[in-house]
Amino acid sequence: VLVVVFSIVCTTLLTTWLVEVDTRNKMYRDIICNDFLASDEFYFSLNEENQKNILENLERNHHFKGSVEKEQMYHSITEKLHNTEKNLYYNDCEYYITCKINRTMVQKKVKRVVKLRSFTDEEILENYTLISSTYGSKDGIKPMELHECKINDKAIPMSDITPEDVPVTKESLKNCGYDTCRTYKYNRPIKIHPDEDTVLTLEYTTYVDISDNSYACRVKYPCKNFSLTFNLDGTSAKNYALSAHAFGFIDDAGKSTNGANRSAVTIKFNDWIFNSDGVAVVISKK
């Protein structure tokens with residue numbers, strides 16, 4: 001009887017102790033893993049290399065499931081995003097274009113509205129390039145003309161905007177007959193905020209030779225929402241038709257319609273696109 005009682009008591013005590021140890025260990029693991037390791041203080045105390053190593057290990061286990069190729073692809077994309085030109089993005093970017101075609105020239109009247117933000121801290125932009133376009137001066141093509149500029153719905157006097165013509169350096173543009181780039185720069189500072197839009201509205205006209213039957217629109221910064229509407233005017237629509245192609249990291253514009261009569265196209269991205277993504281429109285004779 002004494003042996004049985006002793007065994008029961010010892011077993012109970014041992015079991016209780018093991019349960020307490022296990023409970024305590026779980027509590028310690030929970031504190032270390034969820035409170036300490038997941039805290040901002042822990043990561044801020046690490047040097048940059050260790051932060052990078054922890055991030056890569058988490059991504060490797062969470063996203064890639066051991067796929068080296070998928071990991072390489074992902075890091076290639078993130079590296080390009082980290083190397084963006086400035087700490088800026090478009091919260092919204094809209095183009096409205098009316099195209100008129102005559103015997104020798106294609107004229108496009110453009111209204112562009114962008115809502116510019118900074119990712120983190122406020123940014124002060126000096127000599128900001130509002131718009132630029134290449135043209136062939138040797139062929140008698142007129143340079144781009146800026147008609148109106150507004151910042152947050154306030155009209156900017158043309159005296160605050162400096163036009164400048166510089167030689168084209170890209171061989172691909174030279175081979176197409178473009179030798180000069182017309183640039184308009186705002187010669188006063190612009191403050192860009194991380195939590196509110198700075199709205200830039202531009203109205204301008206571009207000119208190209210009749211042989212140039214395409215128009216490409218690429219965003220300068222990462223863009224959260226993008227739309228382009230391109231119309232042929234009444235006379236041009238009788239003789240010409242439009243087709244459009246949206247290009248981006250992921251083609252979220254795949255469901256955009258080109259317009260029933262082909263004299264107008266509308267393209268929209270409702271998700272992020274990145275530097276040099278955008279739309280190409282081709283004008284073809286009927």
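Y135 stands opposite T180 in strand β8, strands being DSSP runs of E with at least two residues and helices runs of H or I with at least four, numbered from the N terminus. The model is predicted, so that local features need pLDDT of at least 70 and side-chain atom pairs count only at pLDDT 80 or more, while totals for chains, interfaces and linings use all residues. Residues are numbered from 1 along each chain as its sequence is written, and side-chain values use heavy atoms, with hydrogens and water left out.

Strand β8 (residues 180-186) runs antiparallel to β4, and 7 bridges join the two; pairing requires at least two DSSP bridges between two strands. An open sheet of 3 strands has the order β4-β8-β7, with antiparallel pairing. Its edge strands, β4 (128-135) and β7 (161-167), each pair on one side only. On average, neighbouring strands of this sheet are turned by 20° against each other, direction ignored, with axes fitted as lines to C-alpha atoms (for helices, over the stretch in contact) and angles between N-to-C directions running from 0 to 180 degrees.

The protein as a whole has 6 helices and 15 strands. Of its 286 residues, 35% are buried, meaning under 20% relative accessible area, against over 50% for exposed and in between for partly exposed (1.4 Å probe, protein chains only). Among contacts (heavy atoms within 4.5 Å) with a separation of 6 or more, 74% are between residues 24 or more positions apart.

The largest nonpolar core has 51 residues, and Y95, F226, L228 and F230 have the most contacts inside it. Such a core is a set of buried Ala, Val, Leu, Ile, Met, Phe, Trp, Tyr and Cys residues joined through side-chain atoms within 4.5 Å. Strand β1 (residues 88-101) gives the most to this core, with 7 residues. Leaving aside neighbours within four places in sequence, F226 is in contact with residues including C93, Y95, C217, V219 and F269.

N91 is also found in strand β1. This residue counts as buried because its relative accessibility is 16%. Residues up to four places away in sequence not counted, N91 touches K115, R117, D197, K224 and N225.

A search of the whole structure finds 0 disulfides, a disulfide being a pair of cysteine sulfur atoms within 2.5 Å. For C217, the nearest cysteine sulfur is that of C93, 6.1 Å away. C217 has 2% relative accessibility and therefore counts as buried. C181 is likewise buried, with a relative accessible area of 16%.
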